[in-house]
Amino acid sequence: MTRILAIGAVLILASLPFWADRGVIFLGMEILVVVALAQAWNLPAGYGGLLSLGHHGFVGLGGYALYVLSRDLGMHVLVAIPLAGVVTAIFALFIAPILFRLREVYFAVGMWVAAEILRILVSRSDWLGGASGLPLSGARDLPRAWMGPSAYWMALTAAVGTTLLVWALMRSSFGLRLRALRDDEAAARAIGVKPHRVRLIVFVLSAGATGMAGATMFFSSLFISPLAAFDMGWIVTIVFVTLIGGLGRLSGPFLGAAFYFLLREGLADYGNWYLIALGAAAMAIMLVLPGGLASLSDRFTPSFTKTKEQP
Amino acid sequence: MLEVTGLKKAFGKLTVVDDVSTTVAGGEAMGIMGPNGAGKSTFFDLLAGATRADAGTVRLAGQDISTLPTEARVEQGLARAFQIPKPFASLSVREHLELAAVAGAGLGSNEARLEAETVMDRTGLADLANETGNGLRLLDRKRLELAKALATRPRVILLDEISGGLTEHEVHELIALVLDLKTPDLAILWIEHIAHALKEACDKIMMLHLGAKIIEDTPDAVTSDSRVRELYLGAANHA
Ligand SMILES: Nc1ncnc2c1ncn2[C@@H]1O[C@H](COP(=O)(O)OP(=O)(O)O)[C@@H](O)[C@H]1O
Ligand SMILES: [Mg+2]
């Protein structure tokens, strides 16, 4: 039943460019990118306890990878976007040995530092257009009228893809490994779980999905600069959306993104007030519903995982 | 099955495990006794690789596992039930055991499901299959420790005070279970304060004091040894 509803929802979403105007298509693309980003961040953070404050580095890297693949290899943008995700994943694979020496808060900050270093390196590189940025040379790969819809469909693919990825991983024994590690690492190792390997896999998958979502975002803007690509605003949005929606919940990123965009669009006429409203709302939700909006459903539906009380 | 030679560990100036050597064959059960703080749990830490030894080697079925990390030793067949239970807060009992069977014993997911059922039946956890780790009573947490260790299909199993809090009747059930575990391809090491339990279940008993091995002999010989009586048994019999 849930499955049929989900497929129906995806089909309706996929048809949106045929009946909505350009503004709505762009907004839809933005929402789906944020869903994909939050879902990708939730995988290591919510299920694995690996909190990163540097995922905006992967957003920017994915964006730049698209621009370079398109310019230097003449790759078609629709091929280059998924490949930008692969490039980002490979990058994550190489920085992981260094970052994994750091634990908890230090890892979170280490990730943020890594993202800052990336931004500085990119702004100093002439090959990458320095501080002023790069235009998308593959902008002519597609007819102008198809740009918006293509970006939207890419974003839909990323959002659905990351959701399916997290769903499939958490249903498999890999999900058990991840949750066990989050609950108690020593106990997990004592039954044979390899912490390093498990974390590396979720970290690399998360980076790849984030890079692809980032590439999709910057595909639609046709221009990329270090300030926009490595903007701290990305990670702030990702963390807000995931926490409000529900850390470690599949529905969390959807609920969080819905809440975030409702507030943002609803308060669009009042400048940056939406940020303050968002902060206040986030705090209120954290206080009243520590599990995020997704935990609301627990209050109204009986839980099937809990069995009878002990005598 | 398990060969330990010259195992040593000091925390600063305090020597906690002092040059311990022993062997436990497949099908054999060795009880380990000693007053609190004697270094028994630390000895298990060294065997399991939770703490790195200062000196000495651990061999499992002839293979030196001294430098392997905990999870690799588990794969080699060395499992442990912790003295202080470590259940996973968000995993159900069944999930604990499926994970142990997959990650520790290398089973496929279907086999692991069967293994989880078998182990739950064996350890009396079947009624709690869907209960999560943080919902369990202490007694059931202790059972789950043993069950997790069994689900990794070990060749050497380390049991650390798993009888704590059991009634006399339950202790007897536990002894029966341990006796039932005795098969030619499993070596059992069991730390316990209850002398009669070790006497019934074990082929030999090793006594640790201040980290050093005082005696290792048949249960009867150990419990009648004058040093052991002086150090320990008098106190334990009152408990
Ligand atoms: N990580 C540690 N750091 C310092 N001292 C420790 C540590 N672990 C155990 N000890 C000390 O080692 C001694 C032996 O502890 P333990 O092996 O737990 O004894 P037992 O299990 O025989 O009761 C105790 O004095 C304890 O305080
Ligand atoms: Mg102890």
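Trainee: Is B:Arg137 buried, exposed or partly exposed, and what is its relative accessible area?
Mentor: B:Arg137 counts as partly exposed because its relative accessible area is 39%. Buried means under 20%, exposed over 50%, partly exposed in between (1.4 Å probe, protein chains only). This is a predicted model: local features need pLDDT of at least 70, side-chain atom pairs count only at pLDDT 80 or more, and totals for chains, interfaces and linings use all residues. Side-chain values use heavy atoms, without hydrogens and water.

Trainee: Which residue does B:Arg137 meet in a salt bridge?
Mentor: B:Asp140, at 3.3 Å from N to O. The rule asks for a side-chain nitrogen of Lys or Arg within 4 Å of a carboxyl oxygen of Asp or Glu. B:Asp140 counts as buried, because its relative accessibility is 1%.

Trainee: How many salt bridges are there over all chains?
Mentor: The count comes to 23.

Trainee: What about B:Lys199?
Mentor: Its side chain meets that of B:Asp220 in a salt bridge, 4.0 Å from N to O. B:Lys199 lies in helix 7 (residues 195-201) of chain B and B:Asp220 in helix 8 (residues 219-224) of chain B, so the pair ties together parts 21 residues apart in sequence. Helices here are DSSP runs of H or I, at least four residues; strands are runs of E, at least two. B:Lys199 is partly exposed at 38%, while B:Asp220 is exposed at 52%.

Trainee: Which residue pairs with B:Glu28?
Mentor: B:Lys204, with the closest N and O atoms 3.9 Å apart. They sit 176 residues apart: B:Glu28 in the loop between strand 2 and strand 3 (29-33) of chain B, B:Lys204 in strand 9 (residues 204-209) of chain B. B:Lys204 is buried, at 12% relative accessibility.

Trainee: Switching to sheets. What is the strand order in the open sheet of four strands in chain B?
Mentor: The order is 2-1-4-5, with antiparallel pairing. Strands pair if DSSP finds at least two bridges between them. Strand 2 (14-24) and strand 5 (63-64) of chain B are the edges, each pairing on one side only.

Trainee: How many bridges join strand 4 to strand 5 of chain B?
Mentor: Two bridges join strand 4 (residues 55-60) to strand 5 of chain B. B:Leu60 stands opposite B:Gln63 in strand 5 of chain B.

Trainee: Last one. Where is A:Trp112?
Mentor: A:Trp112 is in helix 5 of chain A. At 35% relative accessibility, A:Trp112 is partly exposed.

Note on methods: Residues numbered from 1 in each chain as written. Chains lettered and ligands numbered in written order.
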